[in-house]
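Biologist: I am new to this structure and would like to learn how to read its aromatic rings. Where do we start?

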Amino acid sequence: MPEPGFLDNLRRSRLLSEKQLAAIAPLAGDSDIRALAKVLVQKGWMTPFQVRQVAAGKPEYLRLGDYILQDKVGEGAMGEVFRASHLK
């Protein structure tokens, strides 16, 4: 069974619609985090990067202004580079 924190973080991330959350609710009852994460990625609803951030308790890290971070592309001495999508 997924940890309650994961499901709470998933809701807080606002990456999934209410319809999507309702669709995974039956899975959340008897799945572990890895099984649930696999379903989320297979459905294309989240990226592995996003799942890791939610599981790590950092759902707010996925939004940057009007952008949703999808993946970390790289990092260097001056910062990090992400692939993102615009909300609008």
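Modeller: Rings of Phe, Tyr and Trp pair if their centres lie within 6.5 Å. This is a predicted model, and the structure holds two aromatic pairs.

Biologist: How is a pair of aromatic rings described?

Modeller: By the distance of the centres and the angle of the planes. Here, Phe49 and Phe82 are 5.9 Å apart centre to centre, with 50° between the planes, and the pair is tilted.

Biologist: Which parts of the chain does that pair link?

Modeller: Distant ones: Phe49 belongs to helix H4 (residues 48-55) and Phe82 to strand E3 (residues 79-86), 33 residues apart.

Biologist: Is Phe49 buried or exposed?

Modeller: Buried means under 20% relative accessible area. Phe49 has 5% relative accessibility, so Phe49 counts as buried. Phe82, at 23%, counts as partly exposed.

Biologist: Why is the pair of Tyr61 and Phe82 edge-to-face?

Modeller: Planes over 60 degrees apart count as edge-to-face. The planes of Tyr61 and Phe82 stand at 80°, with the ring centres 6.1 Å apart, so this pair is edge-to-face. Tyr61 sits in the loop between H4 and strand E1 (63-64), whereas Phe82 is in strand E3, so the pair ties together parts 21 residues apart in sequence. With 32% relative accessibility, Tyr61 counts as partly exposed.

Biologist: Which residues do the ring pairs link into a cluster?

Modeller: Phe49, Tyr61 and Phe82.

Conventions:
Residues numbered from 1 in each chain as written. Predicted model: local features only at pLDDT ≥ 70, side-chain atom pairs only at ≥ 80, totals over all residues. Heavy atoms only, no water. Phe/Tyr/Trp six-rings, centres within 6.5 Å; stacked < 30°, edge-to-face > 60°. Helix = DSSP H or I, 4+ residues; strand = E, 2+ residues; numbered from the N terminus. Buried < 20%, exposed > 50% of the residue type's maximum accessible area, 1.4 Å probe, protein only.
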